[in-house]
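Hi,

Here is the structure I said I would pass on. Have a look at it first, and then read my notes below.

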Amino acid sequence: MDGSLSPIESLSFREAMAELDGIVGVLESNALELEESLKSYERGVALLAALKARLNDAQQKVEVLMGELAPDAADDAARDTTLS
């Protein structure tokens, strides 16, 4: 791993996943020296944390959007549609 790595924040989700996958492959191959393995591992941990944060943000947005739809469904359920 060299100093030419893009900042994690500038990577798309797909790019970050691809980089993490590459790091896992290199680490599993045992082809790196200890120092390089540690640098790769650190980068992988940072990528994983960023990816998890993005997934959590996306999940929260979906829950908010679903919550915006729920009041309409609740109003429909509360409305008395029986014939008297």
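Before the notes, one term: a nonpolar core here is a set of buried Ala, Val, Leu, Ile, Met, Phe, Trp, Tyr and Cys residues joined through side-chain atoms within 4.5 Å. Please also keep in mind that this is a predicted model.

**The overall picture**

The protein chain has 2 helices and 0 strands. It runs to 84 residues, and 15% of them count as buried. Its accessible surface is about 6,700 Å², with 59% of that belonging to carbon and sulfur atoms. If you take the contacts with a separation of 6 or more, 72% of them come from residues 24 or more positions apart.

**The core**

Which residues make up the largest nonpolar core? There are 8 residues in it: Ile-8, Leu-11, Ala-16, Leu-20, Ile-23, Leu-47, Ala-50 and Leu-51. Both α1 (13-29) and α2 (34-78) supply at least two residues each. As a bit of background, nonpolar side chains tend to be buried together in soluble globular proteins.

Leu-20 is found in helix α1 and is buried, at a relative accessible area of 15%, where the cut-off for buried is under 20%. Setting aside neighbours within four places in sequence, Leu-20 is in contact with Gly-44, Leu-47, Leu-48 and Leu-51. Its C-alpha atom is 9.5 Å from that of Tyr-41, a residue 21 residues away along the chain. Then try Leu-51: not counting residues up to four places away in sequence, Leu-51 touches Phe-13, Ala-16, Met-17 and Leu-20.

**Helix α1**

With 17 residues at 1.5 Å a residue, α1 should span 24 Å, and the distance between its end C-alpha atoms agrees, at 24 Å. The buried residues of α1 are Ala-16, Glu-19, Leu-20 and Ile-23. Looking down the axis of α1, you will see these buried residues fall within an arc of 100°, so they line one face of the helix. The general rule behind this kind of pattern is that an α-helix has 3.6 residues a turn, so residues three or four places apart point the same way. On the other side of α1, the exposed residues are Arg-14, Ala-18, Asp-21 and Glu-28. Just after α1 comes Asn-30, with a positive phi of about 55°.

**Salt bridges**

How many salt bridges does the count come to? The count is 2 salt bridges. One pairs Arg-43 with Glu-19, and their closest N and O atoms are 2.6 Å apart. Arg-43 lies in helix α2 and Glu-19 in helix α1, so this pair ties together parts that are 24 residues apart in sequence. Arg-43 counts as buried, at 12% relative accessibility, and Glu-19 is on the list of buried residues of α1 too.

Glu-36 and Lys-39 also form a salt bridge, with 3.7 Å between the closest N and O atoms. These two are 3 residues apart in helix α2, which means that about one helical turn separates them. Glu-36 counts as partly exposed at 24% relative accessibility, and Lys-39 counts as partly exposed at 45%.

Over to you!

Definitions and conventions: Residues are numbered from 1 along each chain as its sequence is written. This is a predicted model: local features need pLDDT of at least 70, side-chain atom pairs count only at pLDDT 80 or more; totals for chains, interfaces and linings use all residues. Side-chain values use heavy atoms; hydrogens and water are left out. Buried means under 20% relative accessible area, exposed over 50%, partly exposed in between (1.4 Å probe, protein chains only). Helices (H or I, at least four residues) and strands (E, at least two) are DSSP runs, numbered from the N terminus. Contact means heavy atoms within 4.5 Å. A salt bridge is a side-chain nitrogen of Lys or Arg within 4 Å of a carboxyl oxygen of Asp or Glu. The expected span of a helix is 1.5 Å times one less than its number of residues. The arc is that of the directions from the helix axis to the C-beta atoms. Accessible areas come from the Shrake-Rupley method with a 1.4 Å probe; for residues, only the protein chains shown count as cover.
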